[in-house]
Amino acid sequence: MFKSSELPDCCYPNQPILICPTIPTPKHSLYLSNLDDQKFLRFSIKYLYLFKKSVSLDSLKYSLSRVLVDYYPLAGRLRATAEDDQKLEVDCNGEGAVFAEAFMDITAEDFLQLSNKPNRSLRKLLYRVEALTFLDVPPLVVQVTNLRCGGMILCTAINHCLCDGIGTAQFLQAWAHITTKPNLDIPISPLHTRHVLKPRNPTQINFTHPGYTRTNPNDYITHNIDMVKFLQSQPLVPSSLTFSTSHILHLKRQCVPSLKCTTFEALASHTWRCWVRSLDLSHSLNVKLLFSVSIRKKMNPELPLGYYGNGFVLGCAQTNVKDLVTANLHHGVKLVQQAKSTLDNDYIRSMIDLLEDKTVKTDLSTSLVISQWSKLGLEDLDFGEGKPLHMGPLTSDIYCLFLPVIGDFDAVRVLVSMPEGIVEKFEYFMTEFWDKEDNITDANGYHGEDK
């Protein structure tokens, strides 16, 4: 039995190395779209995978060097453009991805026990690159940690300005494919160019975009509520709740027969409502739900297969606190559906044009942000020794993630960090209907320390 609530330190037998593409790759500057280089996305997506059996380090390094021939921008470096220091591009210089190898004296079972309660010590599983700014961190950082039991933990940090969730899944699947089938071409060839999402000239902002606001130099002296500052000013505790198929069906039944809804619409509305209820906000306050929506099939023409840049926008549902918390789930679901229905080609083009104005930023002041990691195929990664026992983020944040549940395609794990004085109330609201069900599956909420 693993007694500690913290992971032990990693042992690094060697200094991390740079993995470069096996052959010379094109040297040029890669344009990033306005969806790519939003300030909201200037961070790395950090994935953590636990595998029962380790894969040869030499095999992983060699296959990574080969897949970086196809995905050569990930071996480059981010920089500001010469024309505009607010605009980013990729210097495709082939410098390479960071690869660290480590050992940790735990078993896979130990980790699974601990991973129920996300905590800060998981960060030990990803090598920290010392860098002055976000731009100085290589776009791809990998750490492979071998375990005492013969298992392996793979952590990757992939710069969000280069890839979204679908793009990262495409890259990771290509890496795994080359590892297991080195003589076969990767199934999807990556499309590097982002010009398909260039703004129009002149720009045409033909719609209102409530998910965005303009930077106001006097923000610091206004009395408007800023939820991000409020939440991050307190010790945060992650809440991890697994919703089984029966839980999700129960939520959907609250909307039928008058309204049909998807799993995401029902669970997102429920989570938003519980989040707002737990924060005890003024009933007159306008609150927003921002949620990721793929635009790959919404554009005209559709984004080409293999496009791995940011092909999503944030849908925005909004209402006042009173209407959200006093009405039933039907109300929130309807708002989410209405927000999704506005996202057609013309609306998205208008949003891309709006982002030419670098004073425009995502409006996080009274918003819950939900990002969907389930149904992207992230949990199907197989480097030759089987699919993962666990897949999730390295850390928890105030932004909410809908995560896949290993072994149950239709279940969803909801992960979000809340102030420690509020998290119990949030979990109560999220799960109070569970006791009313006859068939309760093994879904549990957990607390852990994180910030």
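The expected span of a helix is 1.5 Å times one less than its number of residues. I began with that rule and a predicted model.

**Helix 8**

I looked up residues 329–341, which form helix 8. Helix 8 has 13 residues. From its first C-alpha to its last it reaches 19 Å, close to the 18 Å expected. Next I checked burial. Leu329, Gly332, Val333, Leu335, Val336, Gln337 and Ala339 are buried in helix 8. What covers them? I found that the cover includes helix 5 (245–253), helix 6, strand 11 (286–294), strand 12 (312–320) and helix 7 (321–326).

**Helix 3**

I put helix 3, residues 165–180, to the same test. Helix 3 has 16 residues and reaches 22 Å, close to the 22 Å expected. Is helix 3 mostly covered or mostly uncovered? It is mostly covered, with 13 of its 16 residues buried. I then went to the start of helix 3. There a side-chain oxygen of aspartate 164 comes to within 3.3 Å of the backbone nitrogen of isoleucine 166.

**The cores**

I turned to the largest nonpolar core and noted 76 residues. Among those with the most contacts inside it are Phe243, Trp272, Trp275 and Ile370. Helix 6 (residues 263–278) gives the largest share of this core, eight residues.

I followed up isoleucine 370. Residues up to four places away in sequence aside, isoleucine 370 touches Phe264, Ala268, Thr271, Leu289, Leu290, Phe291, Ser292, Cys400 and Phe402.

**Strand 10**

I moved to residues 236–243, strand 10. Seven of the eight residues in strand 10 are buried. Strand 10 runs antiparallel to strand 17 (residues 408–419), and eight bridges join the two. I looked for the residue opposite phenylalanine 243 and found valine 412 in strand 17.

I traced an open sheet of six strands, with the order 1-6-7-8-3-15 and mixed pairing. Which strands stand at the edges? They are strand 1 (17–19) and strand 15 (390–393). Each has a single partner strand, so one side of each is left without a neighbour in the sheet. The twist averages 20° from one strand to the next.

Strand 15 runs antiparallel to strand 3, with four bridges between them. In that pair, tyrosine 49 stands opposite methionine 391. Helix 2 (residues 108–115) lies across strand 3, strand 7 (140–147), strand 8 (152–159) and strand 15. I noted its angle to strand 3 as about 135°.

**Phenylalanine 51**

I stayed with strand 3 (residues 44–51), where phenylalanine 51 lies. Is phenylalanine 51 buried or exposed? Its relative accessible area is 2%, and the cut-off for buried is under 20%, so phenylalanine 51 is buried. I listed its contacts beyond four places in sequence, including Gly151, Met152, Leu154, Leu381 and Phe383. For a distance check I took valine 196. Phenylalanine 51 and valine 196 are 145 residues apart in sequence and 38 Å apart in space, C-alpha to C-alpha.

**Aspartate 353**

My last entry is aspartate 353, found in helix 9 (residues 345–354). Aspartate 353 counts as buried because its relative accessibility is 2%, with buried set at under 20%. Which side chain makes a polar contact with the side chain of aspartate 353? I found arginine 200, at 2.7 Å. Leaving aside neighbours within four places in sequence, aspartate 353 is in contact with Pro199, Arg200, Thr203, Gln204 and Ile205.

Conventions:
Residues numbered from 1 in each chain as written. Predicted model: local features only at pLDDT ≥ 70, side-chain atom pairs only at ≥ 80, totals over all residues. Heavy atoms only, no water. Buried < 20%, exposed > 50% of the residue type's maximum accessible area, 1.4 Å probe, protein only. Polar contact = N/O pair within 3.5 Å; in protein donor to acceptor, adjacent residues only side chain to side chain. Core = buried A, V, L, I, M, F, W, Y, C linked by side-chain atoms within 4.5 Å. Contact = heavy atoms within 4.5 Å. Pairing = 2+ DSSP bridges. Axes fitted to C-alpha atoms, helices over the stretch in contact; angles between N-to-C directions.
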